[in-house]
Amino acid sequence: MNTTRSRRNVAVIGAGWAGCAAAAELARRGCDVQVYEAARVAGGRARRIELNGHALDNGQHILLGAYRDTLHVMHLVGLEPASLLMRLPLQMRYPAHGDGMQLVAPRLPAPLHMALGVLRAKGLASSDKLAMARFASAARWMDWQLNVDCSVSELLERFDQTARLTRLLWRPLCIAALNTPPERASAKVFLNVLRDSLAAKRQASDMLLPRVDLSALFPDAALAYVEKHGGTAACGVHVRQLSKDDADGRWRVQGDGIDAWHDEVIVAASPSHAQALLAGLASVPDYDYEPITTCYLQYDRQVALPHPFLALEDDPETRQWGQFVFDRGQLDPAQAGLLAVVVSSSEVAIADGHEALLSDVGAQLAHALQMPALAQPQWCKAVTEKRATFACAPNLPRPDNRTAHAGLWLAGDYTQGDYPATIEGAVRSGLRAASQLLATAQR
Ligand SMILES: Cc1cc2nc3c(=O)[nH]c(=O)nc-3n(C[C@H](O)[C@H](O)[C@H](O)COP(=O)(O)OP(=O)(O)OC[C@H]3O[C@@H](n4cnc5c(N)ncnc54)[C@H](O)[C@@H]3O)c2cc1C
């Protein structure tokens, strides 16, 4: 009698970071994995795009040392995170002139790094520093948890945070991490991020800046790893229909040029795409979304920032939209002179179109950095991701990876988890879907 069992045959729909993490883990565990990705390039909302002949990103991303599972899967597929990411200590530096805040955590063990960072911070009054110490001790006392969720603004009021600290630290941190303004953002999720970064080991609070494009940072290598382990990865294949054979419980995947049967399926599409694909099979909540716009401005190769990235003060009243500026030349010498300005939650900023936004951003840089030439880039382009992330509101419903159908799983940044829509949230979800699938008996 032949006792060898065939390998579990799993389809992963979507090669964003969640799908790639799930696929790589399943391949590692001996499954026969088929990945279907609608776009020509893997990576989803964190992917390479070509702009003006350069391999850039659909949006400037920043990772944290706390992205434990992301760093793990990069290793798994044979990458060396230390060479692909620039590791910087936690910092919030504004341009040096004026009263710009400069907070940099020194390389000391936690919690000394934060304590000393705040103590030494420039541009903060002692009342601001005291307010921050009050926030940290109250949050620690609550174990970074809230029984009842509320907005980040309410939390900051409850902890008596000063207006200045809120403007220069909490608000930009909240927008950067949750892509949702504090008045609409979930305090619970914000506390989760702070717990795993500011309040954890010093390395967890480090900021990691990609030196390569986002597809090269993991998704490309993940698909190569799947293929090396006997699976397949097809980009440019839009799955249009998913159905179940009630007789044998197998799943039929139909789309552009494909019609295939699989034992199990992980749907790793974004929530709006998953909704369309899963109609009648599983429900995905209707989220509100927040856009993010990245403005790329190319200057002479000699132009450089004093640091790899800086915070900028945004003010819609004076059409200052940028919240952070990154010097891409310090990350990759081939991109010398290229600045990337991030405008999170950018709905109002893009109301008059990209051209108007780019001209405002050039003027903002010229003023903030006291370099008039920055108002006249050689070329500039903006990229808006309209549905960059779900709006991370309090008490948001987030589905489990498991669905009511045997053999059908969900993965993506929007599923149940501690994190807002982030790369780490997506990777953790993908790994969770894979491990739950593997924990069920093979059918
Ligand atoms: C501009 C921008 C800036 C961001 N900044 C940060 C940051 O600094 N730090 C951070 O951690 N996170 C950031 N994020 C969030 C992060 O990029 C996302 O949370 C994460 O990439 C989501 O991954 P995912 O795999 O869940 O979903 P997605 O990336 O949306 O992947 C889903 C994939 O499924 C594919 N797909 C969908 N439908 C189908 C179908 N029917 N058939 C086949 N394929 C399909 C899509 O093409 C896509 O590739 C940012 C996002 C954006 C857009």
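A salt bridge is counted where a side-chain nitrogen of Lys or Arg lies within 4 Å of a carboxyl oxygen of Asp or Glu. By that criterion, aspartate 418 and arginine 195 are joined by a salt bridge, with an N to O distance of 3.0 Å. The model is predicted, and it holds 25 salt bridges.

**Aspartate 418 and arginine 195**
- The two residues link distant parts of the chain, 223 residues apart.
- Aspartate 418 is in the loop between strand 20 (408-410) and helix 13 (423-439), whereas arginine 195 belongs to helix 8 (residues 187-196).
- Aspartate 418 is partly exposed, at a relative accessible area of 37%, and arginine 195 is likewise partly exposed, at 21%.

**Arginine 328 and aspartate 57**
- A salt bridge connects arginine 328 with aspartate 57, their closest N and O atoms being 3.2 Å apart.
- Because arginine 328 lies in helix 11 (residues 328-331) and aspartate 57 in strand 4 (residues 54-57), the pair ties together parts that are 271 residues apart in sequence.
- Arginine 328 is buried, with a relative accessible area of 6%; aspartate 57 is also buried, with 3%.

**Arginine 319 and aspartate 352**
- Arginine 319 pairs with aspartate 352 in a salt bridge whose closest N and O atoms are 3.2 Å apart.
- Arginine 319 sits in the loop between strand 16 (309-311) and strand 17 (324-327), and aspartate 352 in the loop between strand 18 (338-344) and helix 12 (354-368), 33 residues apart.
- Arginine 319 counts as partly exposed at 31% relative accessibility, while aspartate 352 counts as exposed at 53%.

**Shared partners**

Conventions: Residues are numbered from 1 along each chain as its sequence is written. This is a predicted model: local features need pLDDT of at least 70, side-chain atom pairs count only at pLDDT 80 or more; totals for chains, interfaces and linings use all residues. Side-chain values use heavy atoms; hydrogens and water are left out. Helices (H or I, at least four residues) and strands (E, at least two) are DSSP runs, numbered from the N terminus. Buried means under 20% relative accessible area, exposed over 50%, partly exposed in between (1.4 Å probe, protein chains only).
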